[in-house]
Amino acid sequence: MGRIRYGLWWIDQITAGARSRMGAVAGGAATVGRELRWAAVLSVRATAVGIDRARPEPWSERRLLFSATVVAVCALAVALVLGFGVARWAMTASDSLPFAAAGALAVGLVLLPLAYLVFASKRGGR
């Protein structure tokens with residue numbers, strides 16, 4: 001019985017340093033995770049408040065024409081890049097899939113602000 005207890009004590013002494021370092025690393029990672037979560041919550045709250053405070057105002061004809069021209073040029077550029085990307089993906093092996101997926105993500109990110117501008121309305125009445 002004495003040898004078993006001595007062996008367990010010896011293993012405990014040998015691994016004590018590694019266990020304490022693991023605890024410190026886990027504690028640090030947990031602290032970083034809490035800070036990142038708090039930063040994300042603050043960012044989401046600030047974004048939501050900013051969106052709620054947005055008050056659309058009528059644009060002049062010149063500003064509307066300029067905005068439509070910019071959106072059209074950007075859409076043409078994205079369509080051109082996506083067209084070449086999809087053509088390349090269709091002609092090659094399946095390892096080109098991330099390019100097409102990134103293009104689809106870009107289109108989605110472009111459509112989000114456009115959808116907000118189209119459907120934006122101030123909550124509550126004036």
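How many helices and how many strands does the secondary structure of the chain come to? It comes to three helices and zero strands. From the N terminus on, these elements run α-α-α. The model is predicted, and the chain averages a pLDDT of 77.

**Confidence**
- A pLDDT of at least 70 is reached by 84% of the residues.
- Confidence is highest in helix α1, at a mean of 84.
- Helix α3, which covers residues 97–119, has the lowest confidence in the chain, at a mean of 73.
- Where pLDDT is low, the predicted coordinates should not be read in detail.

**Helix α1**
- Helix α1 covers residues 2–52.
- With 51 residues at 1.5 Å a residue, α1 should span 75 Å.
- The end C-alpha atoms of α1 are 72 Å apart, so the span agrees with that expectation.
- At T15, α1 bends by about 45 degrees.

**Burial and surface**
- The chain has 126 residues, of which 4% count as buried.

**A nonpolar patch**
- Y6, W9, W10, I11 and I14 make a nonpolar surface patch of about 600 Å².
- One of these patch residues, I11, is found in helix α1.
- The relative accessibility of I11 is 46%, so this residue counts as partly exposed; the class lies between the cut-offs of 20% for buried and 50% for exposed.

Definitions and conventions: Residues are numbered from 1 along each chain as its sequence is written. This is a predicted model: local features need pLDDT of at least 70, side-chain atom pairs count only at pLDDT 80 or more; totals for chains, interfaces and linings use all residues. Side-chain values use heavy atoms; hydrogens and water are left out. Helices (H or I, at least four residues) and strands (E, at least two) are DSSP runs, numbered from the N terminus. Buried means under 20% relative accessible area, exposed over 50%, partly exposed in between (1.4 Å probe, protein chains only). Patches are made of residues with over 30% relative accessible area and no salt bridge: like charges are joined within 9 Å, nonpolar side chains (Val, Leu, Ile, Met, Phe, Trp, Tyr) within 5 Å. Accessible areas come from the Shrake-Rupley method with a 1.4 Å probe; for residues, only the protein chains shown count as cover. A salt bridge is a side-chain nitrogen of Lys or Arg within 4 Å of a carboxyl oxygen of Asp or Glu. The expected span of a helix is 1.5 Å times one less than its number of residues. The bend at a residue is the angle between axes fitted to the seven residues ending there and the seven starting there. pLDDT is the predictor's confidence in each residue, from 0 to 100.
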